[in-house]
Amino acid sequence: MIPEENFETIENRTQSVSLALEELLVTALKQDCLTIGIYESAKLFNADPDSVVLCVLAADDEDDVALQIHFTLLQAFCCDSGITILRVSGVQRLQQLLGSVDANRNQDDHRDLHCMLVTNHQADHCRLQEVGTYCQERRRLDQWVPELVLQER
């Protein structure tokens with residue numbers, strides 16, 4: 001059993017990383033260095049995999065077999081290429097977050113939020129570092145693909 005003080009520390013850390021990820025994704029979208037969608041991500045991986053600094057896989061439905069197959073392939077590619085990868089649940093939160101950033105963008109751009117790639121090393125600010133550190137810590141704890149739950153607000 002986890003002591004109560006350690007549980008609170010873990011909970012605070014998770015909440016901090018969730019906020020960092022949200023800020024990173026919004027910033028990346030504003031800077032036009034966020035690729036959204038499984039198909040679009042696959043095209044970028046094929047054209048310029050070295051530009052990818054983070055892969056975020058989002059799903060709330062674990063029963064979608066086709067999506068899980070895509071995730072397995074993307075995860076394998078990221079691991080082989082040394083790309084930091086993070087799995088999140090809370091697709092509705094991502095829709096709120098990214099849909100509200102730029103109301104002028106075509107909403108179809110935000111339909112497939114199952115895979116998002118943060119590109120361009122210019123997006124390398126403290127939030128990317130915080131998310132990356134969290135992923136490294138989770139991998140050390142034998143979590144091959146780190147997971148994070150985004151909270152509704």
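**Close-up 1. The largest nonpolar core and the residues that touch the most other members.** In this predicted model, the largest nonpolar core holds 30 residues, of which Leu 21, Leu 25, Leu 34, Val 88, Leu 98 and Met 116 touch the most other members. A nonpolar core here is a set of buried Ala, Val, Leu, Ile, Met, Phe, Trp, Tyr and Cys residues joined through side-chain atoms within 4.5 Å. Buried means under 20% relative accessible area, exposed over 50%, and partly exposed in between (1.4 Å probe, protein chains only). At least two residues of this core come from each of α1 (4-30), β1 (34-36), β2 (52-58), β3 (84-89), α4 (91-99), β4 (115-119) and α5 (126-140); helices (H or I, at least four residues) and strands (E, at least two) are DSSP runs, numbered from the N terminus. With eight residues, α1 gives the most to this core. Apart from this core lies another, of 16 residues, including Leu 44, Phe 45, Leu 57 and Leu 117.

Residues are numbered from 1 along each chain as its sequence is written, and side-chain values use heavy atoms, with hydrogens and water left out. Local features need pLDDT of at least 70 and side-chain atom pairs count only at pLDDT 80 or more, while totals for chains, interfaces and linings use all residues.

**Close-up 2. Leu 25 and its partners.** Not counting residues up to four places away in sequence, Leu 25 touches Leu 34, Val 56, Leu 94, Leu 98, Met 116 and Val 118. Contact means heavy atoms within 4.5 Å.

Close-up 3. Take a look at α3 (residues 65-81), where Leu 67, Gln 68, Phe 71, Leu 74, Gln 75 and Cys 78 are buried. These residues cover an arc of only 125° around the axis, which puts them on the same side of α3; the arc is that of the directions from the helix axis to the C-beta atoms. Val 65, Leu 73 and Asp 80, on the other side of α3, are exposed. The cover over the buried residues of α3 includes α2 (38-47), β2, β3 and β4. After α3 comes Gly 82, with a positive phi near 75°.

**Close-up 4. Pro 146 in its loop.** Pro 146 sits in the loop between α5 and β5 (147-149) and is buried, with a relative accessible area of 0%. Leaving aside neighbours within four places in sequence, Pro 146 is in contact with Ile 85, Leu 86, Arg 87, Cys 135, Arg 138 and Arg 139. Its C-alpha atom is separated by 8.5 Å from that of Val 88, 58 residues apart along the chain.
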